[in-house]
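This report looks at one helix, the nonpolar cores and the aromatic contacts of a protein model. Please view the structure before reading on.

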Amino acid sequence: MPARSSRIAVGGDRRAFAIGLAGPTASGKTAAAMAIAKRVPVEIISVDSALVYRGMDIGTAKPSAAERAEVPHHLIDVLGPGERFSAARFVAEANRLIEQISARGRLPLLVGGTMLYFKALTDGIDVMPAADPATRAALDAEALRDGWPALHAQLAAVDPETAARLAPGDSQRIQRALEVYRLTGEPLSVWHGRSASAGRSLPLLSLEPRDRAWLHQRIAQRFDTMLIQGLVDEVRALRARGDLQPELPAMRCVGYRQVWEALDQGDPPDLAALRERGIAATRQLAKRQLTWLRGMPGRRVIACDAPDAAAQVVECTLALIEAMPHGAA
C-alpha cells in the first residue's frame, strides 16, 4: 500500500477542494471514510442533521470514540437536543471548515446522508432571516392553544404556495414559514427565490445498493444492535430531562421518534412492536435518501453491496485528487 501522504497541496487561488461521500443509512459511509483516511490526510465534516446533537449517540450510529480519535471529525455534538440546526447554518459552517481544513494541508471529506445539506452546499441557499426566539415562542403558544392545523390555516391565508406543500401537522416548517412572514411581511415562497450564497463545486461519491434487500438487511441488523446497545435507555434519559418535546427536530429523528412513541404507550415498551416500527421507519428514510440521490446526476455511484465497495471509494478519491490542479503532494 502506498504510504499515506501528510499534506494535500492545491495550487492557485481557487476555492478549497473537497470531496463528498453520500449514501443512504447503513450503506457503509463511515467504514469507507475511514478507509480513505488510511490513504489520504483527511478531516471529516459530518453531513448529518442528527449527529449535531449531544446525548444522542446510539440511535444516530455516531462514529466511535476510537474513530474520532483517529481522524478529526467536525459538526458532531455541537448542539443540545433542544436546539435547532438549519441547512443555512450547515452551509456556513461547512464552508468555513472546508477552507480551514484545506489551509492545514488536509482534504475536507464531507460524509453523511442528509441530502438537503449536500444540495444546499452545492446549489447555494436562499437568503433567510435569522430565527427569532420571541416569535417562535409566540407561535408555540398559539399552537398549544389552537393546534398546528389552525396555524396551517393562517399560513394558507398569507402564503398559499408554502401551505400547499406542507401537511397541517408539520409543526417545524409551519412555524418557520409563519415566523418569516411575521418578521418580514413577505411569504416564505418569495424568500426562496432569492439566492445569496453561491454553490460550491463538490465531487460526490454515492454509495447505493444494487439489491435493495441487502440494504434492508443491514438496516434491520443496525436497529437490532441499537436496541442491544441501549437505545431505549438513551431515549428515557432524554425524556427525563424535562425540557424536550416530541415535536423538536432532534426527537423527530428516525429511531428516537419511534422509541419516544413506544414509551408514551408504556414503559417498558413492547420491544417487538418497537423493532418493527423502527425498522420500517428507517427503510422509509433510506428510500427518501435514494430518491434525493437520483436527483443528483453528477454523482459517481459505487455499489455499496459490492464486496470491495470501500476499496472502490478509496480509488475514486485518489483519482479525484490526482485530477486536482497540480495534483496531490
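Which residues of helix α11 (residues 231-240) are buried? In this predicted model, they are Leu231, Val232, Glu234, Val235 and Leu238. Seen down the axis of α11, these buried residues fall within an arc of 160°, so they line one face of the helix. Their cover includes α10 (212-229), α12 (256-265) and α13 (271-294). Just after α11, Gly242 has a positive phi of about 90°.

Leu231 is also among the residues with the most contacts inside the largest nonpolar core, along with Met56, Phe90, Leu110, Phe118 and Leu121. This core has 55 residues. Elements giving two or more residues to this core are β2 (42-47), α3 (87-103), α4 (115-123), α10, α11, α12 and α13. The largest share, seven residues, comes from α3. Apart from this core lies another, of 26 residues, among them Val40, Val42, Val111 and Val313.

The structure holds two aromatic pairs. One of them, Phe90 with Tyr117, is stacked, with 15° between the planes. Phe90 lies in helix α3 and Tyr117 in helix α4, so the pair ties together parts that are 27 residues apart in sequence. Ring pairs link Phe85, Phe90 and Tyr117 into a cluster.

Key
Residues numbered from 1 in each chain as written. Predicted model: local features only at pLDDT ≥ 70, side-chain atom pairs only at ≥ 80, totals over all residues. Heavy atoms only, no water. Buried < 20%, exposed > 50% of the residue type's maximum accessible area, 1.4 Å probe, protein only. Helix = DSSP H or I, 4+ residues; strand = E, 2+ residues; numbered from the N terminus. Arc of directions from axis to C-beta. Contact = heavy atoms within 4.5 Å. Core = buried A, V, L, I, M, F, W, Y, C linked by side-chain atoms within 4.5 Å. Phe/Tyr/Trp six-rings, centres within 6.5 Å; stacked < 30°, edge-to-face > 60°.
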